[in-house]
Amino acid sequence: MVSELPWDSKTGALKRELAEGMMNPACKCALEAALQIKETHGAHITAVAMGPPMAEEVLYEALALGADKGVLLSDRRMAGADTLATSQTLAAAIKTVSPDFDLILCGCRTIDSETAQVGPQLAEELDIPGAADIETMTLKDDLLVMERLLDDFFEVLEMRTPALVTVSTSGYTPRYPFFTGIEDAFAKPDITVMGTSDIGLNPDCVGMKASPTRILDVYSTTANKTNVVLKGAVKRIVADLFNAYGDKIGGAMGKDLQTHEHESS
Amino acid sequence: MNDETGSEIWVFGDYRNYFQNRVTLQLLAKARDLSRKISARVCAVVFGCGIDEYVAEYAAHGADKIYVVDHPGLERYQIDAYVALMERLCRERSPEIVLVGGTGFGREFAPRVAKRLKTGLTSDCIELYIDDEGILVQTAPAFGGNLMAVIVTRDRRPQMATVRPGMFQELPHDYEARAQIVRIDPPADPPPERLRVIRSDRRPQTDRKLEDARIVICGGRGMGSKAGFRKLFELAQLMGAEVGATRPVVYSGWANHDALVGQAGKQIKPMVLFSFGVSGAIQHTAALTGAGFVIAVNKNPDAVMMKMADVAVVADAKQVCSAMIKELRKRIRP
């Protein structure tokens, strides 16, 4: 849990830096999928991150695992971007850095705002076919065959590259970096930091200015919890628990737990 | 033809798992509620082939008007075709609000529609209301459910939101209710099917016991061993509860993957949640947003899960589990 509200009430922007420094679990799975394609078909992998300068850490991690190049989109003007603005920024970066890409892989969702929107919106922005929540994929020339379980339907899907896939956390198990990989990543890191003008965007096209949504307020769901702490002898605690909350627990069970003779207290 | 004035609230008719998943009906009820404040008409929008039974259901559950595109080419849920149709209808008829069920398909469909219309979308809303200026105020979890963000789309239309199943209550079936049915022809030149569905087989219905349980008992590594974890089932049986597990527990083989509660597993919304020996990793707590009263048991009073709880019991999780089993046997009358 974050001890400080990761939100700037003046600007209305989420402070991503409090959650930075770790790669999203789903993004690790997306990188794993990329690494497997690289191993079987040969590929050049560019890892792209957008965030404050310290987000560079995840790019080191990606390089240590086997990505060939890292691109960090870091510019104050990009702050406060919602998914619409983010997808526009990422698309511009991809067109600048790697215009002849074959495949874009994204984690199916992030763990901070977990909207799962950026991937599908990026496919729209790049005007390429896209598929979400993919568990496995195989590539034959420019044909990508994918499987997913969605809404109780097992689906086999096909599309032609260039395309975009958001990778679910259930199909790929991320690998751990070898020590040599970590050494290499830090010895000769190929990481480029780019700002708004580097990717050919007008400042009005990034960050909060380009975001139709506004955050009015952020509140903690735990702040209004009374958080009663019970400690001491286990038997005593359990009796206290049922005495104080027997109505709530019994209500959910559909049974009456209240009337009980306390023979041993 | 279009004689009515006034705004419309649209609900995307997601009927693929109609009998298990009532999210469209739940959204129609919510739309009814929202419509009062802005005097809007509640409209369902449904695409498919041979879908009259759903049209009738939506009419009976709160829709004033139903836009229907019924065509063999739309028999299967197909992302490119569905997005293009929704985009076109939104451009032609300018709805004020569009609500989409947070199913797997909805979560892929809604962002694409929002992107094409260059409007805002808030996913997984747990609360929606209209403020005094007539703006849709959307509350959605952020940072693994520890925080709630209150979000608006002020200047663009439609205002879009997705909502997970089970967040709102559907209206009772009203046999007398009648809706205006607007049948729309599919486009003469449908967009190319860039993502092709080769196979789509219904899987045996996934067990939804955990998602729908009134009481859930979640166990973490603090239960110590597989035998320790099994004790939770004994407690669950006494309470009529379901047992959930954290990822380390599933990885250790103490519980099946079906029991995984978390980002990669199931979302739960019990009235009462017991959490035994769970530290509270964000991947787990993200799935607890809908839980009502939370009782956490952990030796470590500083565990995140303990801070999130209404009642934090500082004690060994296994011992508390055993003591609760004893206490309940005394308290439950035969």
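**View 1. Helices α3(A) and α4(A) cross in a right-handed manner.** A crossing counts as right-handed if the near helix is turned clockwise from the far one by less than a right angle, and left-handed if anticlockwise. This is a predicted model, in which local features need pLDDT of at least 70, side-chain atom pairs count only at pLDDT 80 or more, and totals for chains, interfaces and linings use all residues. Residues are numbered from 1 along each chain as its sequence is written, and chains are lettered from A and ligands numbered from 1 in the order in which they are written.

**View 2. Helix α3 (residues 83-97) of chain A packs against helix α4 (residues 118-126) of chain A.** Their axes, lines fitted to C-alpha atoms over the stretch in contact, lie 8 Å apart at an angle of about 50°. That makes α3(A) oblique to α4(A); oblique is what remains after under 35 degrees (roughly parallel), over 145 (roughly antiparallel) and 65 to 115 (roughly perpendicular).

**View 3. Residues of α3(A) meet residues of α4(A).** On α3(A) they include A:L84, A:L90 and A:I94, and on α4(A) A:V118, A:L122 and A:E125 are among them. Contact requires C-beta atoms, placed from the backbone, within 7 Å. The residues of this contact divide into 7 nonpolar, 5 polar and 1 charged (nonpolar: Ala, Val, Leu, Ile, Met, Phe, Trp, Tyr, Cys and Pro; charged: Asp, Glu, Lys and Arg; polar: the others, Gly among them).

**View 4. The C-alpha atoms of chain B fill a box of roughly 70 × 50 × 40 Å, taken along the principal axes.** In chain B, residues 24 or more positions apart account for 64% of the contacts with a separation of 6 or more.

Key. Axes fitted to C-alpha atoms, helices over the stretch in contact; angles between N-to-C directions. Helix = DSSP H or I, 4+ residues; strand = E, 2+ residues; numbered from the N terminus. Contact = placed C-beta atoms within 7 Å.
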